[in-house]
Amino acid sequence: LCEALRKRGSNMYWHCNARFDQLDTSLLRAMSAAGCRAVNVGIESGDREDHRRMSKGLRRNQETLIHEAVKLGIAVVGQFILGFPWDTPGSLAKRIAYAESLPLAAATFWPLIPFPGTAMFDEALEHCGEFDRGYAERIGFGDRSPVAVPVYSPPGMSRAELARWVL
């Protein structure tokens, strides 16, 4: 796709969503040459333990790819999650500081939304501070659109407290 866009000589600029496990330097170069000017990536957290507990491997070269994208003229928007079952005010502050340390054009912080049928949902139920168990019916099961209002909070934190970190 990038090669086809480049060959067309289009003056169109575009942006996309991407996963770190599908990005590498050569793809970033091709995207830049084809007119990509921004990419949204799910960073979630900069903590290796968070990624292990989410069953998502933290790419060792994640920060390198962010720097490479910026060097190629691609703005990076980082998406982060706040409110894991093991989160504390200290870990939330650390996650925000990590986002600030990166050369991001913007960072978005979303509350954790544990979906029924997932391991995270089970862990959230087991260790919840507050949990709005009816949220799945209100947003429609299977509708994975992000919502900014926390439906869950980690132990020792209310949903209102988590919302102050998110919003």
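In the predicted model, M31 makes contacts with C2, W14, C16, L23, C36, V39 and I74, when neighbours within four places in sequence are left aside. M31 is also one of the residues with the most contacts inside the largest nonpolar core, alongside W14, L23, V39, V41, I43 and F80. This core comprises 31 residues. Two or more of its residues come from each of the helices α1 (2–8), α2 (25–33), α4 (62–71), α5 (89–101) and α8 (159–166), and likewise from each of the strands β1 (14–18), β2 (36–44) and β3 (75–82). Another core, of 14 residues, lies apart from the largest one and includes F84, L112, F115 and Y152.

Strand β2 also contains N40. The side chain of N40 is joined to that of N17 by a polar contact of 2.9 Å. Not counting residues up to four places away in sequence, N40 touches H15, C16, N17, A18, V77 and Q79. Of these, C16 is also among the residues in contact with M31.

Helix α6 spans residues 119–127, and its buried residues are M120, F121, E123 and A124. These four lie on the same side of α6, because the arc they cover around the axis is only 165 degrees. In an α-helix there are 3.6 residues a turn, so residues three or four places apart point the same way. The exposed residues A119 and E126 are carried on the face of α6 turned away from the buried side.

How values were computed. Residues numbered from 1 in each chain as written. Predicted model: local features only at pLDDT ≥ 70, side-chain atom pairs only at ≥ 80, totals over all residues. Heavy atoms only, no water. Core = buried A, V, L, I, M, F, W, Y, C linked by side-chain atoms within 4.5 Å. Buried < 20%, exposed > 50% of the residue type's maximum accessible area, 1.4 Å probe, protein only. Contact = heavy atoms within 4.5 Å. Polar contact = N/O pair within 3.5 Å; in protein donor to acceptor, adjacent residues only side chain to side chain. Arc of directions from axis to C-beta.
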